Amino acid sequence: MRVAMIGTGYVGLVSGTCFADFGHIVTCIDKDSSKIDALNSGEIPIYEPGLQELVAENVANDRLFFSTDASDAIKQADAVFIAVGTPTRRGDGHADLSYVYAAAEEIAGLIEGFTVIVTKSTVPVGTGDEVEAIIKKTNPDANFAVVSNPEFLREGAAINDFKRPDRVVVGTDSEEAVEVMRELYRPLYLNETPIIVTRRRTSELIKYAANAFLAVKITFINEIADLCEKVGANVQEVSRGIGLDNRIGSKFLHAGPGYGGSCFPKDTLALSRIGTEANSPLKIVDSVIEVNAARKRRMADKVISFMGGDVKGKTIALLGLAFKPNTDDMRDAPSIDIVSKLQEAGASIRAYDPAAMGEAGHIMKDVLFCDGPYHAIENSDVLVIVTEWDQFRALDLERVKSLLNTPKVVDLRNIYKPDYMSERGFEYTSIGRAY
Ligand code: UDX
């Protein structure tokens, strides 16, 4: 099949590359010519393990192309994917759909023969209807169907998530479009991956409901972690104790400094607005948004109180800045709140992240970005672990102790054990573990 992928951001680039790897002919389109030039010379603008190799392989096999010119690719396409950004609109929390609608208009004037237009971008319920209306209005003779096909890709594991998904969701009433979608996902179909065919509005809601539910789960365990600290319990054992109940499941029960990233903060906010507008308020989602935002701010207080209530003039080493490991994404990362509050309280920050320091440099001021974990720890008064990159799980603790001015560690991801740390002479605190 021939695919045109509009938008070479995170979702478009990963999806387009994986469809090419499934054997389809894919053209990824973006208006940003510097991005397309970079991609054509083999540079990948995002950090995603395995992506560079997969792009190179499919480009070499003439299945994957990058272009600023949408016309030929769209004319020939069996399916045109809209994978442009839907950032939070300033002021009201709504998803900004201007890029989606602009793409729909552009597609309308170009399609030839029956074409499936697929929204991959996360869009509010009813956006597919609007895309359909725009195309009909711009080109009344067009022969097309608009399908919702949300992505569930985790940054850092996106290729695996695309190729071995738990499910594929396809929202449309058109039988013809369902056949095209089945063909596109043929390798998964043969693998017996569940393909859920539903109405477009239901599919749009599935995406928001999935992300909101995961955000609820994380926020729930984070609050239980706070309670554990107060009542002498251990949140990791609580997670295991409840997670083994199949109805609950053990994933997304790791307590931490609060969720961040490109999806959960944006999608929970957008879902809350959808609920309000439909006169069906989502009180659980609303409190999750509030509790998570407050939590991120409170993590700096945790460090300050661990340091005896005052960090003025202290040097703090931060390991990990990205919102999670294996990504350079800094969007809504807890480290942003932590750094700014600690700086306000008079501390200086030395930081290290294996991938996100470039991004962090655009957001954080007056941070000393270091060459490695030990460089960050050197001459600091406390070490704060913010993101659980694998390399931080196996630090040489003797070296850490000798480099720190005082052997203090705040572990916001519970990657070390309290007993183990105190046996090695550290004053140590973590999340939700009274022992
Ligand atoms: C998420 C969804 O998982 C994905 O399906 C969707 O399409 C996009 O959003 P992503 O944002 O890449 O993916 O990361 P994910 O691994 O889900 O983590 C999200 C946030 O939750 C991170 O800040 C992470 O640190 C936090 N988290 C996750 C926890 O604090 N505890 C957990 O148990 C799991």
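**Rings and charges**

Biologist: What makes Arg-424 count as a residue that lies over the face of Tyr-420?

Modeller: Arg-424 is placed at 3.6 Å from the ring centre of Tyr-420, and a charge sits over a ring if NZ of Lys or CZ of Arg is within 6 Å of the ring centre and within 35 degrees of the ring normal. Arg-399 lies likewise over the face of Tyr-374, at 3.9 Å from the ring centre. This is a predicted model, in which local features need pLDDT of at least 70 and side-chain atom pairs pLDDT 80 or more, while totals for chains, interfaces and linings use all residues. Residues are numbered from 1 along each chain as its sequence is written, and side-chain values use heavy atoms, without hydrogens and water.

Biologist: Why are Phe-19 and Phe-162 called an edge-to-face pair?

Modeller: Rings of Phe, Tyr and Trp (its six-membered ring) pair if their centres lie within 6.5 Å, and planes under 30 degrees apart are stacked, over 60 edge-to-face and the rest tilted; by this rule there are ten aromatic pairs. Phe-19 and Phe-162 have 5.1 Å between centres and 85° between planes, which makes them edge-to-face. Ring pairs also link both into a cluster with Phe-22, Phe-81 and Tyr-185.

Biologist: What makes the pair of Tyr-352 and Phe-392 edge-to-face?

Modeller: The ring centres of Tyr-352 and Phe-392 are 6.3 Å apart and the planes stand at 75°, so this pair is edge-to-face.

Biologist: How do you know that Tyr-352 is buried?

Modeller: Buried means under 20% relative accessible area, exposed over 50%, and partly exposed in between (1.4 Å probe, protein chains only). Tyr-352 has 11% relative accessibility and therefore counts as buried, and Phe-392, at 0%, is buried too.
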